[in-house]
Amino acid sequence: MSQTITATCEPAHTSAAPGVLELHPIGGTGNSRMGRKIDSVSFQEEGLILSRNQSGGDSAPPADAQNVVERWNYPRGNIGKMAFAFVSFMVAGMNDASIGPLLPYLEDYYGLGKTVISLIFLTPFLGYSLAAFTNARIHVKFGQRGIAVMAPLCHIITYAVLASHPPYPALIVVNAISGFGNGLTDACFCAWVGTMDKANTIQGFLHACYSLGALFSPLIATSMVVKAELPWFNFYYVMVGMSVIELCGLSFFFWDKTGSLYEAEHKRDNPDATGSGTRDAIKSPVTWLCALFFFAYMGVEVGLGGWVVTFMLNVRHASAYASGISGTGFWAGMALGRAALGFVTERFGERLCLTVYLAVCLALELLFWLVPEFIVSAVAVAFLGFFLGPMFPGAVMVTAKLLPKRIHVSAIGFAMSMGGTGSAVFPFIIGAVASKKGVTVLQPIILALIAVITLVWLSFPRIKKRD
């Protein structure tokens, strides 16, 4: 006996045509197998389209698998993965922001001048650069599991060596290892989150965790050295502990994300693709636009965040405490902006929102520069952090939308290595010029960099709307 069953589902609060679920038999003797045809745009938007053969979990997808839009909580294992990705970004923020407050104590301990001590800022980008050209290959060979193990191990090695207070040349070299670890996690987690539902919002929270680490790390380091009167290297025992937690959590939750699974997923999306995609990424103009964006953006973020306290002390003649609070306000504003404005960017789109954020930043930077009042400057720099914050995750999202998924890791990794270069080069340039012209040069340099970011952003191609 053969029959066709048609079930009609009326969606709530809409007058659109109902979705139709048709079940029909497929020929066979003895018993009949039922096929299924689904007309369900709404199902796909909710991330609920599954393969007929899908058994759940994170095993390798079958050949007839359909794409599933991941969420932060779907599949269920993503909850743990996301939580420890947040921890990893917090560790990276703590790493980057702790060096500045500890510099005076490093000078005293090693008996070196500012020029030699400042070399510690330059070596992490070497690790970032190495990560840019190896990240995709690590994904193909070991999957996200490889990143989840290698990156925390890089952190543990770095902080264990720093805690042993070695000779200064070793301290410089070992910071490149932490840069390599940060480069791996940056590209891995940004590319992973970039394909999720509500990706802008999640990217915002991910990068807000970096800013939170950058906010609290100087407070912890300074409290340990000044109030507890501990040697500077004791802070890195805390960092070793954080990195051990990072290693345990990431390796546990990402253990099923093997290289074979990564390759199978990308082969399904790009059947003709070969290799890790690094060459294709470097050939794309979008990759270079993103790299230039990050190069200037990280110069603004680290240059302003690193020199604002000195500017407030020497130019606005604020007290040491008030100047320190202004630096804290910048990082707090950045963390809040990344968490809060991610929802706004998700709602109205990256192109419009980042253009508005950049216009506001230009106005705030002019206010910061031209009004010689400490209170005005402190408020302006806090709001600068707030509106600068969502630009990094926003640019990652646009890059992910413009490029094929297969080269996301390579393209974003390369762009972030350029960002790491900017975060090393521009603070160094500001310091070199300031040593002769004074810290007032901070403002025109930052303003020029924001103008460059604006021009680069407006040069990005428009995203074609998909049917």
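**Overview. Six salt bridges turn up in a search of the whole structure.** Here a salt bridge means a side-chain nitrogen of Lys or Arg within 4 Å of a carboxyl oxygen of Asp or Glu. This is a predicted model, in which local features need pLDDT of at least 70, side-chain atom pairs count only at pLDDT 80 or more, and totals for chains, interfaces and linings use all residues. Residues are numbered from 1 along each chain as its sequence is written, and side-chain values use heavy atoms, with hydrogens and water left out.

**Close-up 1. Asp256 meets Lys81 in a salt bridge, 3.9 Å from N to O.** Asp256 sits in the loop between helix H7 (235-253) and helix H8 (259-269), and Lys81 in helix H2 (residues 78-110), so the pair ties together parts 175 residues apart in sequence. Helices are DSSP runs (H or I, at least four residues), numbered from the N terminus. Lys81 is buried, at 1% relative accessibility, while Asp256 is partly exposed at 30%. Buried means under 20% relative accessible area, exposed over 50%, and partly exposed in between (1.4 Å probe, protein chains only).

**Close-up 2. Arg406 and Asp280 join their side chains in a salt bridge, 2.4 Å from N to O.** This pair links distant parts of the chain, 126 residues apart: Arg406 is in the loop between helix H14 (391-402) and helix H15 (408-437), and Asp280 is in helix H9 (residues 278-283). Arg406 is buried at 15% relative accessibility; Asp280, at 35%, is partly exposed.

Close-up 3. Between Asp197 and Lys198, the closest N and O atoms are 3.8 Å apart. Asp197 is partly exposed at 22% relative accessible area, and Lys198 is partly exposed at 47%.

Terms used. Helix = DSSP H or I, 4+ residues; strand = E, 2+ residues; numbered from the N terminus.
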